[in-house]
Amino acid sequence: GDTIKATIPDTLSYGTGYKMRVVSDSPRVVSFDDGQTYTIFPQYTPTIKSASVTQTDTATGQITVKWQPWPDSAGIAFGRLYTKGPGDTAFRVLKDSLSRQDSSYVQNSLNTKTQTYQYYLVTVDSCGFDSDSAAIHRTVNLTFKVGQLLHDLSWTPYEGWPVKNYLVQRKQGGTYQTLDSLSAKDTTLRKAPQPCNSTINYRIKAIDSNGQFSYSDTAANEA
């Protein structure tokens, strides 16, 4: 039979039903089949929620990547998570064959104390086609220097979503407490005066306007 190419308007929303039919312009055709109903499934782009340091170390550090699970109706076969770290010249596959039930992945054996890591996620449909990639997320790395009763903090900006604020947190009584809230443009802070002869632990918490957040590594020093 003949093949007819049809264009579906890209303004139709996800999951919209539509019908197709072929009608002859011959006057001898007095009736026609109304056609079969199809459902539109536009290409799904996965969304990473955050990439966050969950353990600080030069060799046994951990980063947890979280994402929004994709809908069951999206026609997705599996997901694929990519990463790029120190020494990588390009992104590489970190975890393949992620299922719809997966919503996070922990990468181990990292140098989270002095390095940052990047991540992005794609989905693969039942025909083997990759989706567009989600935004690339990059972790925050904190540097903590001391002077005479002085603490100098600086950190790399979080990448992946627009940062609303950076929260500077210090460990007190076994838990981290927020000391300062800074704008997305601020990546340095000087705290003075500070106690001497005591070890202080800091970390940075990046947050967005939707409540997503990412922790930096923890940094300890003694003034």
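Ser97 is found in strand β6, where strands are DSSP runs of E with at least two residues, helices are runs of H or I with at least four, and both are numbered from the N terminus. The model is predicted: local features need pLDDT of at least 70 and side-chain atom pairs count only at pLDDT 80 or more, while totals for chains, interfaces and linings use all residues. Residues are numbered from 1 along each chain as its sequence is written, and side-chain values use heavy atoms, with hydrogens and water left out.

Although not a glycine, Ser97 has a positive phi of about 55 degrees. Its relative accessible area is 52%, so Ser97 is exposed (over 50%; buried is under 20% and partly exposed lies in between, with a 1.4 Å probe and protein chains only). Ser109, in strand β7, is another non-glycine residue with a positive phi, here about 60 degrees. Ser109 counts as exposed because its relative accessibility is 60%.

## Overall composition

The protein chain has zero helices and 17 strands. Of its 223 residues, 35% count as buried. Taking contacts (heavy atoms within 4.5 Å) between residues at least 6 apart in sequence, 56% join residues at least 24 apart.

## The sheet containing β6

Strand β6 belongs to an open, antiparallel sheet of four strands in the order β6-β5-β8-β9; strands count as paired if DSSP finds at least two bridges between them. Its edge strands are β6 (92-98) and β9 (137-138), each pairing on one side only. Strand β5 (residues 76-84) pairs with β6 in the antiparallel sense over four bridges. Leu81 has Lys95 in β6 as its bridge partner.

Val124 lies in strand β8 (residues 118-125). With a relative accessible area of 4%, Val124 is buried. Beyond its neighbours within four places in sequence, Val124 contacts Ile76, Ala77, Phe78, Arg80, Phe129 and Asp130. The C-alpha atoms of Val124 and Tyr44 are 9.2 Å apart, although 80 residues separate the two along the chain.

A three-strand open sheet runs in the order β3-β4-β7, with antiparallel pairing. Strands β3 (48-55) and β7 are at the edges, each pairing on one side only. From one strand to the next, the twist averages 20 degrees (axes are lines fitted to C-alpha atoms, for helices over the stretch in contact, and angles run from 0 to 180 degrees between N-to-C directions). Strand β4 (residues 61-67) is joined to β7 by five bridges in the antiparallel sense, and Ile63 stands opposite Gln107 of β7.

Gln107 is placed in β7, residues 104-110. Gln107 counts as buried because its relative accessibility is 7%. Residues up to four places away in sequence aside, Gln107 touches Gly61, Gln62, Ile63, Thr83, Arg92, Leu94 and Tyr119. The side chains of Gln107 and Tyr119 also make a polar contact of 2.6 Å. That term covers a pair of N or O atoms within 3.5 Å; within protein, one must be able to donate a hydrogen and the other to accept it, and residues adjacent in sequence count only if both atoms are side-chain atoms.

## Nonpolar core and aromatic pairs

Tyr119, Leu81 and Trp155 touch the most other members of the largest nonpolar core, which holds 33 residues. Such a core is a set of buried Ala, Val, Leu, Ile, Met, Phe, Trp, Tyr and Cys residues joined through side-chain atoms within 4.5 Å. Its largest share, four residues, comes from strand β15 (residues 199-207).

The whole structure contains six aromatic pairs, where rings of Phe, Tyr and Trp (its six-membered ring) pair if their centres lie within 6.5 Å, with planes under 30 degrees apart counted as stacked, over 60 as edge-to-face and the rest as tilted. The ring centres of Trp155 and Tyr166 are 5.8 Å apart with planes at 65 degrees, so this pair is edge-to-face. Trp155 is in strand β11 (residues 150-155) and Tyr166 in strand β12 (residues 165-172), 11 residues apart. Both partners are buried: Trp155 has 5% relative accessibility, and Tyr166 has a relative accessible area of 1%. One aromatic cluster is formed by Tyr82, Phe91 and Tyr120.

## The β10-β11 hairpin

Strand β10 (residues 142-147) pairs with β11 in the antiparallel sense over six bridges, and Gly147 stands opposite Leu150 in β11. The two strands form a hairpin with two residues between them. In the turn, Leu149 has a positive phi of about 55 degrees.
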